[in-house]
Amino acid sequence: MLSRTLEEHRAAVTNALAPIPPLTVLVGDAAGATLVEPLVATAPLPAYDIAAWDGYAVRAADVAAEPLPVAHDVSFADHGPRTHLPGTAARVASGMAVPTGADAVVPLVATDGGVARVAVHAPVRAGAGVRRAGTDAEAGRMVVPAGRRLGGRELALAASLGHPRLTVRPVPRVVVVATGSELVDPGRPGVPEATGHLIAVAARNAGAHAYRVGPVPDDRPTLRTAIEDQLVRADLLIVTGGLSAGSHDTVLQVLQDLGTVDDVRLALEPGPHHAFAMLGEEGARQVPTIALPGSPAAAALAFEAYVRPALRRMCGFTEVIRPGVRARLDRGWPSPAGVTQAVPVRLGLDPSGTVIASPACEPGDVTLAALGDADGIAWVDAEATAVREGDVLRCTVWDD
């Protein structure tokens, strides 16, 4: 068994989870992927002054008590602004190009709705009802940076700029296999399987497509078949449970049958037993595989400690670390020497505005309920042997 610090294991896993090679896809298929090259507006958006509402394009100075003749109807088929005739009005719908020379759009409700001539019932100021060219983005502006996960807002910008395709890093497919002969799906007699659900959601929140499989019995042939079946679709495999020294725990044996394995004693509390494998024949496609403890709390904290940043790098994100704060502890506790300690904490502010952290459980005895009650995680460095009241620690903050 290898002994590793958290930093050593995080580096080993991160280096193995290389970002997926870029693909150019239709803009409608890019949702959830990360952008490879920044999206820059090559022309103003909108390209022309456009009407902000349905009404009549006019010169504000022409609007008086007498009705204005309606010279023409603006059409989307014009593909650009027409020339405005002074002393007239042009009927225009929201989003259409304002004729060149007009400087306002009178809303339909402020008129009599005339077809040949239109009476305007309210004062008009220049610029009213007109969205200027470049209001959304001026030419040359970067509107979406590289490394951004593409959601609806980003795809709308790309479509508005006329991009039919985007070059992206595809969303990694993460398969979570929950193991344990004692485990059952919730609602059936036995021990309800919880860790696989937790890790699948954590992987999805990190930016991946996640699929949960299981629970799978510890039977060696059954577990091997289950894992082999998932290697075809997985970019990353995460196995939970089955790492104890008992004869019934077969995860390490199965991983060794299928590839190369690092059996790791990790200097992390809680849950020190971990494994990392590359499954598949050397020289062919290999699937990185992470084995986490079966305890939901230990697996969740290990995911935050080293899996999440590595997975976000695999997704192609430039920001892989959760937002964090420096928080002052409201009490102290002993900490094991040489081990990074992860402690769920509740966060708040004292009257002076200082961030205060309070353990959500007894450090070293983390429960699933404590995770649900916590706002974040305090990280105690491996060099520390004790934490004192008033110490300031780095805390990551749950944001999903």
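Below is a chat about this structure.

Me: Great, so what kind of model is this, and how are residues numbered?
Reply: This is a predicted model, where local features need pLDDT of at least 70, side-chain atom pairs count only at pLDDT 80 or more, and totals for chains, interfaces and linings use all residues. Residues are numbered from 1 along each chain as its sequence is written, and side-chain values use heavy atoms, with hydrogens and water left out.

Me: How many helices and strands are there?
Reply: The protein has 7 helices and 29 strands. Both are DSSP runs numbered from the N terminus: helices are H or I with at least four residues, strands are E with at least two.

Me: Is the protein spread out or compact?
Reply: The radius of gyration is 30 Å, well over the 21 Å that the globule rule gives for 400 residues, so the protein is more spread out than a compact globule. That radius is taken over C-alpha atoms, and the rule is 2.2 Å times the number of residues to the power 0.38. Along the principal axes, the C-alpha atoms fill a box of roughly 95 × 55 × 45 Å.

Me: What percentage of the residues are buried?
Reply: Buried residues make up 46% of the 400. Buried means under 20% relative accessible area, exposed means over 50%, and partly exposed is in between (1.4 Å probe, protein chains only).

Me: How much of the contact total comes from residues 24 or more positions apart?
Reply: They account for 72% of the contacts with a separation of 6 or more. A contact means heavy atoms within 4.5 Å.

Me: Let's look at sheets. What is the strand order in the open sheet of 5 strands?
Reply: The order is β9-β6-β8-β7-β10, and the pairing is mixed. Its edge strands are β9 (104-107) and β10 (117-118), each pairing on one side only. Two strands pair if DSSP finds at least two bridges between them.

Me: How does β6 pair with β9?
Reply: β6 (residues 55-58) runs antiparallel to β9, with 4 bridges between them. Within that pair, Ala-57 is opposite Val-105 of β9.

Me: What does Ala-102 touch?
Reply: Leaving aside residues up to four places away in sequence, Ala-102 touches Ala-57, Val-58, Arg-59 and His-84. Ala-102 sits in the loop between β8 (89-92) and β9. With 12% relative accessibility, Ala-102 counts as buried.

Me: How far is Ala-102 from Ala-369?
Reply: Their C-alpha atoms are separated by 65 Å, and the two are 267 residues apart along the chain.

Me: What about the open sheet of 3 strands?
Reply: That one has the order β2-β13-β3 with antiparallel pairing. β2 (23-26) and β3 (34-35) are the edge strands, each pairing on one side only. β3 is joined to β13 (residues 165-169) by 2 bridges, and Leu-35 has Val-168 in β13 as its bridge partner.

Me: Switching to β27: how many of its residues are buried?
Reply: In β27 (residues 376-380), 5 of 5 residues are buried. Gly-376, Ala-378 and Val-380 are on one side, with Ile-377 and Trp-379 on the other, so to speak two covered faces.Me: Which strands pair with β27?
Reply: β25 (residues 340-349) pairs with β27 in the antiparallel sense over 5 bridges, and Pro-344 stands opposite Ile-377 there. β29 (residues 392-397) also pairs antiparallel with β27, over 3 bridges, with Gly-376 opposite Val-397.

Me: Is Thr-250 buried or exposed?
Reply: Thr-250 counts as buried, because its relative accessibility is 6%. Thr-250 lies in the loop between β18 (236-240) and α5 (251-258). Among the residues that Thr-250 touches are Asp-218, Asp-219 and Arg-220.

Me: Last topic: where are the cis peptide bonds you can tell me about?
Reply: One joins Leu-45 and Pro-46, with omega about -5°, and Pro-46 is in the loop between β4 (39-40) and β5 (50-51). Another joins Gly-214 and Pro-215, with omega about 5°, and Pro-215 lies in β17 (residues 209-216). For background, most peptide bonds are trans.
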